[in-house]
Amino acid sequence: MLVEFRPPLPDDYQFICNLVHDKKELFMVYPKGQFPFTVSQFEAMLDRRVEPTVLMIDGEVVGFAAFYQLRKARFVFIGNVIVDRSRRGSGLGRKLVSYMSEMAFAKYNLPEVRISVYNRNTRALILYTSLGFTPYAIQSKTDLSGHRVALLSLSLRRDN
C-alpha cells in the first residue's frame with residue numbers, strides 16, 4: 001500500500017466531493033456547504049484554505065484536509081478532514097491529521113495546531129485526542145435539524 005500526500009489537482013476535485021455522502025457528513029466536514037457537495041463549492045472553499053492536501057493510496061484519492069485561519073507564529077486550524085467511508089477505521093485519518101500537524105510545525109514553524117470537531121463526531125474526537133490534541137473551548141452551534149450541538153476546539157502544542 002503506497003501512501004502519498006500532495007496538493008489536489010483539478011482532476012481530483014470531483015473525487016474529493018464524492019467523499020461526502022450525505023448532508024450530515026457535509027455538515028461535519030464543511031458546515032457552510034450545501035449538499036450535494038459540488039466542484040464549484042469545493043473551488044470556493046479552496047480560495048479560503050492553505051495547503052489543501054489529498055491523501056492517496058496506490059494512486060487513488062481517499063482523503064482530504066486543508067489549513068484555515070493561519071496566524072503566523074501562532075497557530076493554524078486543520079479543517080475539512082475527510083477519509084473515504086470504506087477506508088475509515090484503518091488508520092488513514094491518523095496519517096492525514098498527523099501529516100497536516102507535522103507540516104504546520106515544520107513548514108510554518110508554528111507552536112500550535114488547532115482542530116474543531118462537533119460533539120457527535122465521536123470517531124474524530126477519539127482520534128484527535130489520541131494524537132495529543134486537548135480541548136480548550138466549546139461553542140454552541142445549531143445542526144441541520146435546528147438542534148443544539150457542541151463544537152469542540154482542540155489544540156496540539158509543538159512540545160507535545
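Author: In this predicted model, two strands pair if DSSP finds at least two bridges between them.

Reader: Over how many bridges do β3 and strand β4 pair?
Author: Strand β4 covers residues 75-83 and runs antiparallel to β3. Within this pairing, Ala66 stands opposite Gly79 in β4. At least two bridges are needed for a pair. The number for β3 and β4 is 6 bridges.

Reader: Which residue in the turn between β3 and β4 has a positive phi?
Author: β3 and β4 form a hairpin, with 3 residues between them. The positive phi in this turn is about 65°, and the residue is Ala73.

Reader: Which residue in β3 does Val50 stand opposite?
Author: Strand β2 (residues 50-57) and strand β3 (residues 60-71) run antiparallel and are joined by 6 bridges. They form a hairpin with 2 residues between them, and Asp58 in its turn has a positive phi of about 50°. The residue opposite Val50 is Phe67.

Reader: Which element gives the most to the lining of the largest pocket?
Author: The largest pocket has a volume of about 1,300 Å³ and is lined by 48 residues. Elements that each supply at least two residues of this lining include α2 (23-29), β3, β4 and α4 (92-107). With 7 residues, the element that gives the most is β4.

Reader: How many residues in the lining of the largest pocket are charged?
Author: Met28, Val29, Val81, Asn121 and Ala124 are the lining residues nearest the centre of the largest pocket. By class, the lining has 22 nonpolar and 12 polar residues, and the number of charged residues is 14.

Reader: How many residues apart in sequence are the parts that Glu51 and Lys107 tie together?
Author: Glu51 forms a salt bridge with Lys107, and their closest N and O atoms are 2.5 Å apart. Glu51 lies in strand β2 and Lys107 in helix α4, so the pair ties together parts whose separation in sequence is 56 residues.

Reader: Where does Arg87, the salt-bridge partner of Glu60, lie?
Author: The closest N and O atoms of Glu60 and Arg87 are 3.3 Å apart. The pair links distant parts of the chain, 27 residues apart, with Glu60 in strand β3 and Arg87 in the loop between β4 and α4.

Reader: Is Glu112 buried or exposed?
Author: Glu112 forms a salt bridge with Arg114, with the closest N and O atoms 3.1 Å apart. Arg114 has a relative accessible area of 17% and is buried. The relative accessible area of Glu112 is 10%, and the cut-off for buried is under 20%. Glu112 is therefore buried.

Terms used
Residues numbered from 1 in each chain as written. Predicted model: local features only at pLDDT ≥ 70, side-chain atom pairs only at ≥ 80, totals over all residues. Heavy atoms only, no water. Helix = DSSP H or I, 4+ residues; strand = E, 2+ residues; numbered from the N terminus. 1 Å grid on protein atoms, 1.4 Å probe; cavity = no way out; pocket = protein on both sides within 12 Å on 5 of 7 lines; lining within 4 Å. Points joined across faces, edges and corners; volume = space filled by probe spheres on them. Nonpolar A, V, L, I, M, F, W, Y, C, P; charged D, E, K, R; others polar. Salt bridge = Lys/Arg side-chain N within 4 Å of Asp/Glu carboxyl O. Buried < 20%, exposed > 50% of the residue type's maximum accessible area, 1.4 Å probe, protein only.
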